[in-house]
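This report describes selected features of a single protein chain.

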Amino acid sequence: QVRLVESGGGLVQPGGSLGLSCVASGITFSSDAMGWYRQAPGKQRELVASITRGGSTNYVDSVKGRFTISRDNAKNTVYLQMNNLKPEDTAVYYCSRGYSTNSNYYPYNNWGQGTQVTVSS
């Protein structure tokens, strides 16, 4: 059974930092690309960052230079370090597993429960 468990969300002031983690089980973690999505109230879920099996990364323009995705295959964990957070980063963040081809990331239909990130003063 595939399981993705996110953690690390919370309330942070603008300009602050948070680090998210996602532990995967029931999969061969090193064989999958991984991604982080977010969904704000009233908006569609959007891909924020992805990382291939080999460690290549991609980011949505709005987070480039502020967010960093990484993975530890020994721990079956993918991370999202978020710096210089802005109110518009407020959303529920979800990790996903999928595959990458031609620099595009395609998620499988496996989702965790998400973790809330709120950026507010």
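## Salt bridges

Asp89 and Arg38 are both buried. The model is a predicted one, and in it the side chains of these two residues meet in a salt bridge, with an N to O distance of 2.9 Å. Asp89 belongs to the loop between E8 and E9, while Arg38 sits in strand E4 (residues 33-39), so the pair ties together parts that are 51 residues apart in sequence.

Asp89 also takes part in a salt bridge with Arg66, at 2.7 Å from N to O. This pair links distant parts of the chain, 23 residues apart: Arg66 lies in the loop between E6 and E7, and Asp89 in the loop between E8 and E9. Arg66 is buried, as is Asp89. Through salt bridges that share partners, Arg38, Glu46, Arg66 and Asp89 are joined into one network.

The structure holds five salt bridges. Among them is the pair formed by the side chains of Lys64 and Asp61, at 3.0 Å from N to O. Lys64 and Asp61 are both exposed.

## The largest pocket

The largest pocket holds about 180 Å³ of space. Its lining consists of 15 residues, and those nearest the centre are Ser50, Asn58, Ser103, Asn104 and Tyr105. Two or more lining residues come from each of strand E5 (46-51), strand E6 (57-59), strand E9 (91-101) and strand E10 (104-111).

Strand E5 gives the largest share of the lining, four residues. By residue class, the lining of this pocket has six nonpolar and nine polar residues, and no charged ones.

## A nonpolar surface patch

Tyr99, Tyr106 and Tyr108 make a nonpolar surface patch of about 270 Å². Tyr108 is found in strand E10. The relative accessible area of Tyr108 is 31%, and the residue is therefore classed as partly exposed.

## Positive phi values

Asn76 has a phi near 50°, a positive value in a residue other than glycine. Asn76 is placed in the loop between strand E7 (67-72) and strand E8 (77-82). With a relative accessible area of 24%, Asn76 is partly exposed.

For Asn102, phi is likewise near 50°, a positive value in a residue that is not glycine. Asn102 occupies the loop between E9 and E10. Its relative accessible area is 70%, so Asn102 counts as exposed.

How values were computed. Residues are numbered from 1 along each chain as its sequence is written. This is a predicted model: local features need pLDDT of at least 70, side-chain atom pairs count only at pLDDT 80 or more; totals for chains, interfaces and linings use all residues. Side-chain values use heavy atoms; hydrogens and water are left out. On a 1 Å grid over the protein atoms alone, a cavity is a set of points where a 1.4 Å probe fits but cannot get out, and a pocket is an open set with protein on both sides within 12 Å along at least five of seven lines; lining residues have an atom within 4 Å of a point. Grid points are joined across faces, edges and corners, and a volume is the space filled by probe spheres set on the points. Ala, Val, Leu, Ile, Met, Phe, Trp, Tyr, Cys and Pro count as nonpolar, Asp, Glu, Lys and Arg as charged, and the others, Gly among them, as polar. Patches are made of residues with over 30% relative accessible area and no salt bridge: like charges are joined within 9 Å, nonpolar side chains (Val, Leu, Ile, Met, Phe, Trp, Tyr) within 5 Å. Accessible areas come from the Shrake-Rupley method with a 1.4 Å probe; for residues, only the protein chains shown count as cover. A salt bridge is a side-chain nitrogen of Lys or Arg within 4 Å of a carboxyl oxygen of Asp or Glu. Buried means under 20% relative accessible area, exposed over 50%, partly exposed in between (1.4 Å probe, protein chains only).
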